[in-house]
Each structure stands twice: as structure tokens, then as C-alpha cells.
Amino acid sequence: MSNGGVTRREFLARSGRATADLAGLSLVVWLTPGSVRAAPGVHLTVWWWGEQETPGLQQWVRETVHRYKAVHPGVEIATVLQATESLYPSFASAGQARQGPDIQYMWGGVSTMQFVWRGYVHPISDLLSKDDLEPVFPDSLRETAFQGKIYGLPWYALPFLLVYSKPAFARAGLDPDHPPRTWDAFLSAADRLRAAGFVPWGYGVKGLSGIGNFSSLFILQELDDSIDILKAATGEVPFIDPLYSGWLHRVEEMIRKGVFNRDVSSLEYYQAQNLFLAGEAAMAVAGQTKVSYFSKMLGEENVGVMLPPRFGSGRLAGRMPNTAQQLLVTSWSDYKEEAADLLCYFHTPERLDRMHALSGAIPPDGRFDRSRLVRSQDRTIAAWMESESMTNYQNYWPPQMDRENLFPAVQSLFAGALSADRAAGQVDEFLNRWRDSNVDMVEELTTWASETR
């Protein structure tokens, strides 16, 4: 196929790549990743998301595209920042029509794989060499591995944790350098914070956004492996089993004890985080990139980070959920190699350093120099990513069963419309109906799980 009068073979030659056959394998060898010169007449469209959770990323995207185009004259790149609610449906519609972006942002794990199984995504491992992919953290690459191929190129890591106000802890008589680690200590700390005049935990469930971030702190605490959550999705174990739904009782306990703000059902997730910024709330759930933002706004010395309070008996109890946000090359793109070249440029050391400087995001890539982590919170989180993290449950939980099932149940629990037991039963019933009408999806999840374990 021609790209503005230039064949793929010509493009690759101009780009400085060579193809070599070694031991029967065809390997694409990048001579200088991300620095190749693309041919004129290339039009790339990038649909992305992330500014919402990673403030500063938009400036990085704008700057990176400008710099790339400066050394690749004739290459046109259109970037479109997607709204949160339209990320899934827009890409689903594009996939059905087989037209739209050349590069698509998507959350990791099954959020990406559902589109892989529909044939919307071209394997990135067919476009990039082993040398290109080797520096990327293996756990992040495994999020989109299927049948010997890797489909997504991880962009930035997104661990979730609790952020807390050190001044609020000190005023409540708590040790600002040693936040609570056990469940009883956490509830006791919440009591003292409330007595000192603070909302212990500022949170909001209106609009559903952020419920996954919140749930990820608790849902896996009785399990030994994140992928085991798939057993409840595929019907191997009912969701009402306490191993899978017992955490809802912990949420119910927190609500009963007044851990959250009274208007938790009236505020959206990001609105509620403003309670923390305003000094009204002592804690909030946040992604790592938002922690950097809080640190900038409130002062590094005033912001602490803490792991989820531990209550479960599984190996994942008290661990930090983590995932990698992915960039995908679409199967219908006329410019797959060119799209891969742009993604390689994203992963050059200079661009990775700049992304962290502008947004605070930590790339899951060995080409990023971690000595550039300046803030103490980022250094702590980076260390936890190696020793205290686990794969986020959402990497294995069907996305439809979040927004259409689990999230509304948690929302109703906060509103007092459902007890923990009734919320678990509602989720279980919905899962049963979903499995009956999504037999192919269940089989794909089961196959994927068998490969991943």
C-alpha cells in the first residue's frame, strides 16, 4: 500500500530500519528508535486520554508532536483528547466502521483486550523489535499479551493509593510520618481526625467515575493473585462468596462510622478531591500522577502517601493496585509502521524525562532515569511499584461489569439504598445475566486467564 506515493518498503528504508532473517525469524531492527525520518504525505490521527488524571500530559503531547514534526517534515499529526465517558464508545464505533484513529489510548488489561478480540488492534510486537520492547517493564507488557503477541505499548504507570495531609494528622495527634497500616488502626485514626474537625476521607460517587479507583484498594484483599477475580466474572465462583464480596462489608463499616463526607453521593470523584486540596478532608484516594499535583499545590512537606489499610488474609492484602495505560496501533490504519515510529519517539529517554517533568507520570520503562524523581512521594511510590504493588483488579474484570454493575452497586451502598449483602447479591445476579448473553466474551476471558496464569 502506498503512503502518499511512497511504499511501505520505501518508507522503512528511509526510516533507517533493516529487516533481517535470523534463525528463521523475521526481525525488524530499529537503528535509532524514535529518531527515524518518516516520509512526507503521512497523516496520523491520535485519540488519547489522560489529562484528566495526569495534569500536564496535554502540554507534553502538544510539545512532543511539535518536536516530532519538526524533524519529520510533511508528516501531519492530529491529536484528539477524548472525554472520559466517550473513550470506550468512540473507539468501539471506530472499530465497527474500521476507520478513525491510527493510535488509540486505552486502559490496560481487559479494557484493551476486549478490542483486541474484536480485531481492532494490531500487535505492537509485530511492529517493534525486541530491543524496542525490552526496556518496558514486563508486567506492563503482559497486560496486553495474548497468544504470543503483545498488543499495547505501555505509556505511563498508574498506581492508586491513599494520600493524606500531614498537618491534619499532626493536629489529630497522629504520627504524620507513619500512617496506619491495619484496619483497626485506620478506623481509630479516622475517629481522631473527625474529632479534630476534619472529614477523614473526602470522596464522591456521583457520576460513577473514581469508583474503580476506590474499589481497587479493597476488592483483592482476600485473594492471592489479581487474576483470580476472573473466577467471579466467569462464574467459577459466585461473587457473593466472602472472598470476593467481603470487602463491601468493610465499606459499609466505614460509611457507618462516618469516615466519609456527608455529601459523598452528591459529589463527583474529582470534585471530592478538592476537599483534600481545600484542607477540609485529611485523606483521599488518588492515582500517582494526582499525588504529584497535590504535592505541587500543597507543598511536598505537607503531603503523605499510604498503602491501603490491611484487613484481608490473602497475599494481596494491603498492596498498592497498579496498571499501565496503553497506546495501541489500530488494525485499519494505513500507517501502522509510521504510528509505531511515533510511539518509539514517545519512549526516547528525553521524552520520558520530559513527560515526568511536566505531568509527574512515571513511565514503566527502563529508559526513564528514576534518579530524576525529585519528590519524596514519587520516590516512595516508585519503590512500592517494585515491592508492594499488585495488578489492578480492573485489568481482569470486564469493563461492562464495572460501570453497569459493580459501580452502581457501590454507589447504592453509599446512598444507603443497598446493604453490603444486597449489593453483593445484585452484582452476582447481574453477572449471571451478563454471562448468559456474552458467551464468547466469557470464553475469551477464560482462554486469556489460562495463558496468563
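## The largest pocket

Helix H17 (residues 400-415) gives the largest share of the lining of the largest pocket, five residues. Helices here are DSSP runs (H or I, at least four residues), and strands are E runs of at least two, numbered from the N terminus. The model is predicted: local features need pLDDT of at least 70, side-chain atom pairs count only at pLDDT 80 or more, and totals for chains, interfaces and linings use all residues. Residues are numbered from 1 along each chain as its sequence is written, and side-chain values use heavy atoms, without hydrogens and water.

This pocket has a volume of about 730 Å³. A pocket is an open set of points on a 1 Å grid over the protein atoms alone, where a 1.4 Å probe fits, with protein on both sides within 12 Å along at least five of seven lines; lining residues have an atom within 4 Å of a point. The volume is the space filled by probe spheres set on the points, which are joined across faces, edges and corners. Tyr 88, Trp 107, Gln 394, Arg 403 and Phe 407 are the closest to the centre, out of 40 lining residues. The lining divides into 16 nonpolar, 17 polar and seven charged residues. Ala, Val, Leu, Ile, Met, Phe, Trp, Tyr, Cys and Pro count as nonpolar, Asp, Glu, Lys and Arg as charged, and the others, Gly among them, as polar.

## H17 against H18

H17 also packs on helix H18 (residues 420-437): their axes come within 9 Å and cross at roughly 165°. Axes are lines fitted to C-alpha atoms, for helices over the stretch in contact, with angles from 0 to 180 degrees between N-to-C directions. The two helices are therefore roughly antiparallel (over 145 degrees). Residues in contact (heavy atoms within 4.5 Å) include Met 401 and Leu 413 of H17, and Phe 430 and Trp 434 of H18. By class, this contact has 10 nonpolar, three polar and one charged residues.

## The second largest pocket

The second largest pocket has a volume of about 470 Å³. Its lining has 22 residues, with Asp 139, Ser 140, Arg 142, Met 390 and Thr 391 nearest the centre. Helix H6 (138-142), helix H16 (376-387) and strand E18 (389-391) each supply at least two. H6 gives the most, four residues.

## H8 against H11

The axes of helix H8 (residues 183-195) and helix H11 (residues 242-256) come within 11 Å and cross at roughly 20°. H8 and H11 are therefore roughly parallel (under 35 degrees). Trp 183, Phe 186 and Leu 187 of H8 meet Arg 250, Glu 253 and Met 254 of H11.

Definitions and conventions:
Angles under 35 degrees count as roughly parallel, over 145 as roughly antiparallel, 65 to 115 as roughly perpendicular and the rest as oblique.
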